[in-house]
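Have your viewer open as you read.

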Amino acid sequence: MSQPPGVGAWDAMTTTMEGSAARHERPAADSVFVRACRGLPVPYTPVWFMRQAGRSLPEYRKVRAGIPMLEACRRPDLVAEITLQPVRRHGVDAAILFSDIVVPVAAAGIDLDIEPGTGPVVAEPIRTEADLDRLRRLTPADVSYVDEAVRLLVPEMGAIPLIGFAGAPFTLASYLVEGGPSRTHAKTKAMMWGQPELWHALCGRLAEITLEFLRVQVAAGVSAVQLFDSWAGTLSDADYRRFVLPHSAHVLKGLRGAGVPRIHFGLGTAQLLTAMGEAGADVVGVDWRTPLDTATALVGPDRAVQGNLDPCVLFAPWPVVEREVRRVLAEGRAAPGHVFNLGHGVLPETDPEVLTRVVALVHEASAR
Ligand code: CP3
């Protein structure tokens, strides 16, 4: 397949992983979570929850009180504390670094904020070629606080793996082009179809920023990375393959050989699962709309899956939660590896005690 013009925009300038700290021994390299990501035998199914570090926890609300979201993301001590809270409370098999997908874009020059109850809001959306100049290349020094937070966390976590993450080019582009969250992604799609060269140039830059951001986290010691393409499910397979896949593949393939499993997640992606598998991840995240055995048939037999309990099930009576957890575990057995998770993030109103019970149930019901 020929590459669209934006792919690898800054290739010549990016550093390689060779010889860097990326290949050092990671204490959690043989953890149940990393083994499941690689499709290796495990004693039980590992579990963690997207958005496990957040507003469902009273201890999170306490430490975040009065501190704006982006400021919290830039304070390594606070990032470390919030990242560890769900590990202490729930006994999950992995922690995800407390941050946000817009952190590297803000670090690369875009004026934005994260508004409570709304999400990321961009002061001046990107709509023209001239606007692209405001999105510069990311250097490790731009996100030194992330490097510092990971280096604080890894020794403290021992054998528990830390997951680094970033937003994928399409989902990031949507925030930058729309100026904030959008239900239809109309302006984003208008640029994609109407100004394909500008679209590919924007996604090319975003792919390089994302790749550099993930490389910083890998070099600092994370045990896995997750690429969040939360809003890609709004696209058809044909548009995804033409306008998005080459850029996400550039990120995922850029981390091949980095020594950490790569997870690729999107919401409502039933029509995209085969393409998302082709993009190059080791694990494909699946939401609750597609059973994991169906997803496995679509992503291919050599990839693990992650998911996919409906986050709303956690509001149902316990016998229903238990039945649904067991169903997800049973369907996950079709894949070479299964990491139990929700199909999307923990909702803020969730009772944290239910999450703790789900972790115990997953461990007990999957023990082999
Ligand atoms: O616990 C974790 O999963 C780690 C931390 C994390 C956050 N955001 C913290 C956060 C992660 C992995 C993200 C990723 C993220 N951010 C995504 C991809 C995952 C997904 O949910 O699809 C997206 C699309 C964003 C953008 C974003 N940031 C949204 C839509 C919101 C919610 C706005 C709101 O208040 O309802 C945010 C803010 C945000 N990111 C919060 C947290 C804990 C809430 C801020 C707060 O507590 O004040």
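The paragraphs below start with the ground rules and then move to the sheet.

This is a predicted model, in which local features need pLDDT of at least 70 and side-chain atom pairs count only at pLDDT 80 or more, while totals for chains, interfaces and linings use all residues. Residues are numbered from 1 along each chain as its sequence is written, and side-chain values use heavy atoms, with hydrogens and water left out.

Let's begin with the sheet. Seven strands form an open sheet with parallel pairing, in the order β1-β4-β5-β6-β7-β8-β9. At its edges stand β1 (95-96) and β9 (338-342), each with a single partner strand, so one side of each is left without a neighbour in the sheet. Helices (H or I, at least four residues) and strands (E, at least two) are DSSP runs, numbered from the N terminus, and two strands pair if DSSP finds at least two bridges between them. Two bridges join β1 to β4 in the parallel sense, with Ala-95 having Leu-162 of β4 as its bridge partner.

How many of the residues of β5 are buried? Five of the five residues in this strand (residues 224-228) are buried, where buried means under 20% relative accessible area, exposed over 50%, and partly exposed in between (1.4 Å probe, protein chains only). Ala-224, Gln-226 and Phe-228 point one way from the strand, while Val-225 and Leu-227 point the other way.

Next comes the core. In soluble globular proteins, nonpolar side chains tend to be buried together. A nonpolar core here is a set of buried Ala, Val, Leu, Ile, Met, Phe, Trp, Tyr and Cys residues joined through side-chain atoms within 4.5 Å. The largest one has 131 residues, and Phe-33, Leu-135 and Leu-202 touch the most other members. Helix α9 (residues 196-220) supplies the largest share of this core, 13 residues.

Now for the empty spaces. Rolling a probe the size of a water molecule over the atoms shows where empty space is left. On a 1 Å grid over the protein atoms alone, a cavity is a set of points where a 1.4 Å probe fits but cannot get out; a pocket is an open set with protein on both sides within 12 Å along at least five of seven lines, and lining residues have an atom within 4 Å of a point. Grid points are joined across faces, edges and corners, and a volume is the space filled by probe spheres set on the points.

The structure has one cavity of 30 Å³ or more, and the largest cavity has a volume of about 40 Å³. Its lining includes Pro-27, Val-154, Ile-160 and Leu-162. The largest pocket has a volume of about 1200 Å³. Of the 42 residues lining this pocket, Arg-51, Arg-55, Met-69, Asp-100 and Gly-119 lie nearest its centre, and β2 gives the most of any element, with three residues.

Finally, some backbone details. Most residues other than glycine have a negative phi, and most peptide bonds are trans. Arg-51 has a positive phi of about 60 degrees although it is not a glycine; this residue lies in the loop between α1 (32-37) and α2 and counts as exposed at 57% relative accessibility. His-185 also has a positive phi of about 60 degrees, and its place is the loop between α7 and α8 (186-194). Is His-185 buried or exposed? With a relative accessible area of 4%, His-185 is buried. The peptide bond from Gly-307 to Asn-308 is cis, with omega near -10 degrees, and Asn-308 belongs to strand β8 (residues 304-309).
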